[in-house]
Amino acid sequence: MAARKAAKKPNVSAEELKTFYRDMLLIRRFEEKAGQLYGMGLIGGFCHLYIGQEAVVVGLEAAAKEGDKRITSYRDHGHMLACGMDPKGVMAELTGREGGYSKGKGGSMHMFSKEKHFYGGHGIVAAQVPLGAGLAFSDMYKGNDNVTFTYFGDGAANQGQVYESYNMAELWMLPVVFVIENNQYAMGTSTKRSTKSPSYWERGAAYGIPGEEVDGMDVLAVKEAGQKAVEHCRAGKGPYILEIKTYRYRGHSMSDPAKYRTREEVQKMRDERDPIEAVRSMLLTGKHASEDDLKAIDKEIKEIVNASAEFAKESPEPAPEELWTDIYADEVPQEETA
Amino acid sequence: MATEILMPALSPTMEEGTLAKWLVKEGDTVSSGDIMAEIETDKATMEFEAVDEGIVGKILIEEGTEGVKVNTPIAVLIEEGESADDIKTSSAPAPAALNDSEGKAAAPDTGSTPDTPPTQPQVDTSPDWPEGTAMKQQTVREALRDGMAEEMRKDDTVFLMGEEVAEYQGAYKISQGMLDEFGDKRVIDTPITEHGFAGIGVGAAFGGLRPIVEFMTFNFAMQAIDHIINSAAKTLYMSGGQMGAPMVFRGPNGAAARVGAQHSQDYAAWYMQIPGLKVAMPYAASDYKGLMKTAIRDPNPVIFLENEILYGRTFDVPDLEDYTVPFGKARIWREGDDVTIVSFGIGMQYALEAAEKLAEDGINAEVIDLRTLRPMDTGAILKSVMKTNRCVTVEEGWPQGSVGNYISSVIMQEAFDYLDAPVINCTGKDVPMPYAANLEKHALLTTQEVIDAVKQVTYR
């Protein structure tokens, strides 16, 4: 399997490894901070943290090129940071402030960046799957070679619209990478209790879509699989499925008491399979970086995250008039003449 | 540096909780992810994890304490070398989210308050095309196709997708000839998979295209309604104006003939309720064409509700290269002083027939065709009601939560003093559409019902 090959002889530069370390650490620290701000009441509603799954988006972003699109579910903070969106704007959206990516009107689950080709942030489980196929449709229609990374979880993978999308994506040869982030729990229901066939990616075969399972705790394996998938799409061969086995350390959302799995199970993943620790040890054992080098990165990340939290606290709440903007693109008042 | 650990909010609604159990004691070293305490929220017992590394310097709230307010300091984390005794803790809970904008946001469309006299509404009464324009006869079906084709010739990001739109030439022959002209890249047959292709259409619109998504009927769009509302209508708002879905969802709506309950629903009132959508429901062929062209050019998602019975109906259509009909502008089909009849779509057929018969009895009805329901030209309704002092609304949809209900409330608020009779809403009957020919007739609106309603409000 690709994962094992990569682990034996990583085909990666020291610089790239350091970038992976940095990017994954940024997500981890950002999410920890978001959890903290939630606890303080500064972030409201639902807040779904990405801690544990960092290697998925960081590995796949390494396979993307300018112009490629991405779309995901409500567990979206990691995807936004990985595609280069400003942590300040993301955190300020979490706190519902004017400086947020959606001016505070979207929140944790609904965030977008046209500039970074990030198309949300969608709160309805699996709705992003046909939307992602549609984004790919727009690139095919325009005749460029961009691809769309369409992320969804093992929970979404049982929704009917996923298979409607698979069918049309292969029928029309859409350049879309379907990324199943299998973190093994759909909210509190383990895949064993929700899904008869254990391999989600194999379902693509029914539609003629190739795919593979990937070790999502190994960022190099994810990147390698991502490159293969992207190459397939860019060559006009249609969609590709990556089922990335990953794990979330935290609850489904901040209000999840997590009684459906044992503490030991979580701790074991953290101790033995942590994606950031893996890169850290690769950097140190390969002598690509010293402890001091890594400490410097840790410090830099801490500063970025703290600055984002400060910004998110200080940015004002949106002006009351914002209630009435962005409903229509040409801003026609709702009742023009009443 | 010492850090205070605050009582966390562990659910969207939690304001206080019980500190059920400490799992660490003073002097313990903790690192990120270690469980520090168990906290009972309003919903469940939660494990509370450490975020920072450090030594538990002091526990401030004993276990078993109930009613601990969110953000109360519950413990202090210190670094090596620090002493817990040096710590000054804040006594008051830290402020939660800012709340500096309690002022009520004013709607841009504030109507007149009950104390102020109603003002004459501003109404656009300009003609839709220049006086003296030559007219030609066209069916609704042809007008719709011409409207779409003209826009597709001008803008190559516009494409049509749906079931049977291409090779079959349209289930109702609306897209006749379009595959030949535009090719299969732009006229696309989809599998029977409304949820999926509506979502693909919305995604394509996010990606910069201008899709026209045809539903074979709007009854089937219920399978896709999540994408119409959650994905298409709300994204512009949720993205702070960054991106939206400039597209048209179109297809026949409402009752056809003898197709039973699942194929006969009028969705006007449903879609009219959604901010972010625009909703057109034309009657005449000229409006089908002019509004379709406006819909395709509009940067927002537009619901275009057509009618199967009207498809074959012939009307005068202006013989112009390019004309459009604006949204939010009603059309006065007939002027009159005695009563205002407001309708749209196929309801106009009953409204116009009734007005003709009423004229024979000396009752002159003013007949307004709303043409679009969102935006709605309430100004035209109010202006007319201020003249006639009476109003009857006409639609095929169900009575509860109907378009007419909304119009009645607008008239009540804006022109109450002008009313000489209660507004009557003529609607379809409050039943699923029956199949039996006689029962179906009873379920549908009739011209006689409109006439009776007008006689009631005019006390004749």
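Visitor: Which residues point one way from β10(B), and which the other way?

Guide: In a regular strand the side chains alternate between the two faces of the sheet. Here Val158(B), Leu160(B) and Gly162(B) point one way from β10(B), Phe159(B) and Met161(B) point the other way, and all of them are buried. A residue is buried if 20 or more other C-beta atoms, placed from the backbone, lie within 10 Å of its own, exposed if 12 or fewer, and partly exposed in between. Strand β10(B), residues 158-162, is accordingly described as mostly covered, with 5 of its 5 residues buried. Strands (E, at least two residues) and helices (H or I, at least four) are DSSP runs numbered from the N terminus.

Please keep in mind that this is a predicted model, in which local features need pLDDT of at least 70 and side-chain atom pairs count only at pLDDT 80 or more, while totals for chains, interfaces and linings use all residues. Residues are numbered from 1 along each chain as its sequence is written, and chains are lettered from A and ligands numbered from 1 in the order in which they are written.

Visitor: In what order do the 7 strands form the open sheet?

Guide: The order in chain B is β11-β10-β12-β13-β15-β14-β20, and the pairing is mixed. β11 and β20 (372-374) of chain B stand at the edges with a single partner strand each, so one side of each has no neighbour in the sheet. On average, neighbouring strands of this sheet are turned by 20° against each other, direction ignored. Further along the order, β12(B) and β13(B), residues 247-252, pair in the parallel sense over 3 bridges, and Glu214(B) has Arg250(B) in β13(B) as its bridge partner. Helix α3(B) packs on the sheet, where it touches β10, β12 and β13 of chain B, and its direction makes about 165° with that of β12(B).

Visitor: Which element gives the most to the side of chain B that touches chain A?

Guide: Contact has a plain cut-off: two residues are in contact if their C-beta atoms, placed from the backbone, lie within 7 Å. By that rule 72 residues of chain B are in contact with 61 residues of chain A. α3(B) gives the most to the side of chain B that touches chain A, namely 10 residues.

Visitor: At what angle do α6(A) and α3(B) pack?

Guide: Two packed helices are described by the angle between their axes and the distance between the axes. Axes are lines fitted to C-alpha atoms, for helices over the stretch in contact, and angles run from 0 to 180 degrees between N-to-C directions. α6(A) and α3(B) pack at about 50° with their axes 6 Å apart, and are therefore oblique to each other; angles under 35 degrees count as roughly parallel, over 145 as roughly antiparallel, 65 to 115 as roughly perpendicular and the rest as oblique. Their crossing is right-handed, where right-handed means that the near helix is turned clockwise from the far one by less than a right angle, and left-handed that it is turned anticlockwise. Among the residues of α6(A) that meet α3(B) are Leu131(A) and Phe137(A), and those of α3(B) include Ile200(B) and Phe206(B).

Visitor: How do I read α6(A) beside α7(A), and at what angle do their axes cross?

Guide: The axes of α6(A), residues 128-142, and α7(A), residues 160-171, come within 8 Å and cross at roughly 20°. These two helices are therefore roughly parallel to each other, and α6(A) passes α7(A) in a left-handed crossing. Val129(A), Pro130(A) and Ala133(A) in α6(A) meet residues of α7(A) that include Val162(A) and Met168(A).

Visitor: How many helices and strands does chain A come to?

Guide: Chain A comes to 12 helices and 8 strands, and buried residues make up 59% of its 338 residues. Its C-alpha trace spans about 70 × 50 × 40 Å along its principal axes.

Notes: Two strands pair if DSSP finds at least two bridges between them.
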